[in-house]
Amino acid sequence: MASSSEDGDSKMKIVHGAAGYILEDVPHFTDYIPDLPTYPNPLRSNPAYSVVKQYFVHMDDTVPQKVVVHKDGPRGVHFRRAGPRQKVYFKSDDVRACIVTCGGLCPGLNTVIREIVCGLSYMYGVNKVLGIDGGYRGFYSKNTVTLTPKVVNDIHKRGGTILGTSRGGHDTGKIVDSIQDRGINQVYIIGGDGTQRGASVIYEEVKRRGLKVVIAGIPKTIDNDIPVIDKSFGFDTAVEEAQRAINAAHVEAESVENGIGVVKLMGRFSGFIAMYATLASRDVDCCLIPESSFYLEGKCGLFEFIEKRLQENGHMVIVIAEGAGQELFTEHLQDMNQKDASGNKLLQDVGLWISHSIKDHFARTNKMAITLKYIDPTYMIRAIPSNASDNVYCTLLAQSAVHGAMAGYTGFTSGLVNGRQTYIPFNRIIERQNKVVITDRMWARLLSSTNQPSFLNPKDVEEAKKTELPSQLLEENNCNNHDEAHKSGKKAE
């Protein structure tokens with residue numbers, strides 16, 4: 001028999017079941033507003049879904065966070081499965097929804113906007129949807145845009161966001177006041193970890209005021225650095241577009257003697273785009289990411305590897321993520337205190353720096369004459385429309401968020417976990433950044449593919465094994481911590 005408890009530190013609803021089952025649940029209106037009426041789901045009479053067998057999701061359906069388990073191990077952490085419910089907590093005519101996009105651009109933003117609008121309209125008969133212009137500050141400083149299926153019909157074919165976006169501008173009181181004044185009762189917030197952190201604060205204020213307002217997040221980051229979810233939308237498109245830059249660098253490099261092509265890709269703190277683009281390309285000789293330190297001079301350093309590869313092949317291609325090698329900048333070149341409006345540390349241009357360093361090294365040592373070409377496709381990659389794979393993914397994310405909102409869930413992020421759409425509590429999305437695990441198999445596959453050195457000495461490897469995140473096996477310590485918290489809760493009762 002399952003039992004539930006409130007995790008005081010994370011403010012999550014934790015449900016414990018047999019065999020080490022743990023459900024990290026998301027909030028619901030009924031948690032703080034009693035005796036709310038429910039209504040039959042309009043999808044019951046929607047002809048598009050009349051042929052679907054068991055279309056409504058069972059209330060007890062959950063999705064495991066970890067797919068690899070041991071025979072006698074605990075079942076581990078689960079999340080509530082996304083999808084339509086038998087009962088909804090809104091009449092279609094009463095819904096007044098709004099959509100806002102925050103942070104940097106990412107392929108797929110317009111697709112998500114389109115599918116939220118069309119999902120609300122075609123599935124639930126909602127005809128009042130507003131777009132908030134210009135990010136969080138648009139709630140209280142800019143006009144809204146009326147969104148209808150006709151308005152958003154072909155926006156998925158364009159890059160960027162039709163609503164505009166910005167960093168910063170989060171003022172919780174002003175935002176919630178605006179939501180109340182406009183009579184909005186469903187808020188869809190599309191953005192990265194900083195945006196979702198803001199959404200979490202908005203939810204807490206909405207709950208404190210006792211408002212029947214859904215706060216639903218859709219995770220967005222081109223770097224794929226949001227934890228828990230399988231991947232973020234736009235990532236596949238970014239990796240695909242990066243191939244064009246890598247191919248151009250390869251053509252330039254192999255067309256001259258001792259040619260070097262350097263490509264800088266996005267990835268402030270997580271090197272997923274660089275890693276996957278390298279694996280997909282097969283033309284890359286060296287991939288440098290923030291998670292794996294490297295050095296230039298000395299035995300087995302980058303310069304020595306470049307010399308060796310040029311001697312072997314006559315050319316080479318280097319892919320470097322924007323956050324890699326930041327620790328190698330001298331202090332007078334790097335002001336660690338500079339930040340953007342979202343609070344992100346401003347980084348030095350590592351692509352230009354590594355290019356100049358390589359040129360200076362070969363000019364200084366006079367070992368061989370090189371020709372180096374530097375390509376930075378950063379804004380080209382994030383400004384394009386999403387590809388077919390991401391378009392499908394954006395549709396699933398948007399429709400899942402709409403189903404959850406209509407069913408009365410709030411304070412959640414819609415995300416893909418082990419191939420299934422789920423509702424994830426905000427705090428799990430914002431608790432840390434997802435990073436490449438350099439002691440995991442995927443990074444080993446890259447090293448095998450490029451045949452590059454790891455630039456790590458044995459001591460570094462041992463240290464990485466101690467500090468890296470757990471693998472895809474069930475996190476037994478995490479389960480034990482939940483059990484301890486549950487026991488403490490029982491004692492307190």
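A salt bridge here is a side-chain nitrogen of Lys or Arg within 4 Å of a carboxyl oxygen of Asp or Glu. The structure, a predicted model, holds 19 of them.

- Asp285 and Arg309 form a salt bridge through their side chains, at 2.8 Å from N to O.
- This pair links distant parts of the chain, 24 residues apart. Asp285 lies in the loop between helix H6 (272-281) and strand S14 (286-288), while Arg309 belongs to helix H7 (residues 302-313).
- Asp285 is buried, at 9% relative accessibility. Arg309 is buried as well, at 7%.
- Arg309 also meets Glu312 in a salt bridge, at 3.4 Å from N to O.
- Arg309 and Glu312 are about one helical turn apart, because 3 residues separate them in helix H7.
- Glu312 is partly exposed, with a relative accessible area of 49%.

**Glu297 and Arg364**
- A salt bridge joins Glu297 to Arg364, with the closest N and O atoms 3.3 Å apart.
- The two residues sit 67 residues apart and link distant parts of the chain: Glu297 in the loop between S14 and H7, Arg364 in helix H8 (residues 350-365).
- Glu297 is partly exposed at 47% relative accessible area. Arg364 counts as exposed at 54%.

**Salt-bridge network**
- Salt bridges link Lys13, Asp25, Asp31 and Arg80 in a network.

**Annotated site**
- UniProt, in an unreviewed entry, lists Asp193 under "binding site".
- Asp193 is part of helix H4 (residues 193-208).
- Leaving aside residues up to four places away in sequence, Asp193 touches Ile226, Ile430 and Gln433.

Note on methods
Residues are numbered from 1 along each chain as its sequence is written. This is a predicted model: local features need pLDDT of at least 70, side-chain atom pairs count only at pLDDT 80 or more; totals for chains, interfaces and linings use all residues. Side-chain values use heavy atoms; hydrogens and water are left out. UniProt positions are given in the numbering used here, feature names are shortened, and annotations may be inferred rather than shown by experiment. Helices (H or I, at least four residues) and strands (E, at least two) are DSSP runs, numbered from the N terminus. Contact means heavy atoms within 4.5 Å. Buried means under 20% relative accessible area, exposed over 50%, partly exposed in between (1.4 Å probe, protein chains only).
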